[in-house]
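Subject: Structure handover

Hello,

Please find the sequence and the coordinates below. My notes on what was found follow them.

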Amino acid sequence: MPRTRGVADRAALGVVGLVFLLAGSWLAATDRAVAGRLPSWWPAPREDGVLLDPERLTRWRGEGWWTPTVVAAAIALTLLFAYGALTRLRSGPAGRVDLPAPGGTVRPQALAEALAVRVSALPGVARDRAHVRTRRGQRLEIGLRVWLEPDTPPDAVLPGLRAVTTEAAQAAAPYEVRARVRLSAVSHRMPHVR
């Protein structure tokens, strides 16, 4: 899973969880034992258990903006959830990668971990991260994020990275492998004087 999608998923879950937490806390205040201890500014729900005031809801329905706003929000949420579901389906199966050996399979995460170990052993590499995704049509996408040691030129590391990705492509022989490498340099840590 790409990092941006993971961050977006966590953010969406966090927002939904926060909304549920706030709504649950607000509804818990309807209990008479709790309502007496709340601050005076706390918005207490009505005692009859209705969340929205029927008169206020009727007034809002009479406004010209109410119906288009509710319909637009419902359409936007539906499209957002449909887009999220389609991207999950399109990203391909998270199952196993078939290897040329009879009955041989490997998980994409295990292949990514093996690649990360191989890349971290290269001279000049400070740290790295790898991910492998399966795509339709017997394709694998390998992404390598490599941070170089200070003063290490990229051309000193590229032959080793090419050898590692070639080896990965040969190991996943029935699959067409696409590799993308992103290089960054670890900056010098200068001591600060206070």
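**Salt bridges**

E167 and R118 form a salt bridge, with their closest N and O atoms 2.8 Å apart; the term stands for a side-chain nitrogen of Lys or Arg within 4 Å of a carboxyl oxygen of Asp or Glu. E167 sits in helix α6 (residues 154-171) and R118 in helix α5 (residues 108-120), so the pair ties together parts that are 49 residues apart in sequence. Helices (H or I, at least four residues) and strands (E, at least two) are DSSP runs, numbered from the N terminus.

Before going further: this is a predicted model, in which local features need pLDDT of at least 70 and side-chain atom pairs count only at pLDDT 80 or more, while totals for chains, interfaces and linings use all residues. Residues are numbered from 1 along each chain as its sequence is written, and side-chain values use heavy atoms, with hydrogens and water left out.

E167 counts as partly exposed, at 40% relative accessibility, and R118 counts as partly exposed at 40%. Buried means under 20% relative accessible area, exposed over 50%, and partly exposed in between (1.4 Å probe, protein chains only).

The structure holds two salt bridges. R133 and E141 also meet in a salt bridge, at 3.5 Å from N to O, and both of these residues are buried.

**Helix α6**

α6 has 18 residues and reaches 25 Å from first to last C-alpha, close to the 26 Å expected at 1.5 Å a residue; the expected span is 1.5 Å times one less than the number of residues. Its buried residues are V157, G160, L161, V164, T165 and A168. They pack against α5, β3 (125-135), β4 (139-148) and β5 (176-185), where contact means heavy atoms within 4.5 Å.

β3 and β4 pair in the antiparallel sense over 10 bridges; two strands pair if DSSP finds at least two bridges between them. R127 stands opposite W147 in β4. Three residues lie between the two strands of this hairpin, and G137 in the turn has a positive phi of about 80°.

**The chain as a whole**

The chain has six helices and five strands, in the order α-α-α-α-β-β-α-β-β-α-β along the sequence. Of its 194 residues, 22% are buried. Among contacts between residues at least 6 apart in sequence, 53% join residues at least 24 apart.

Regards
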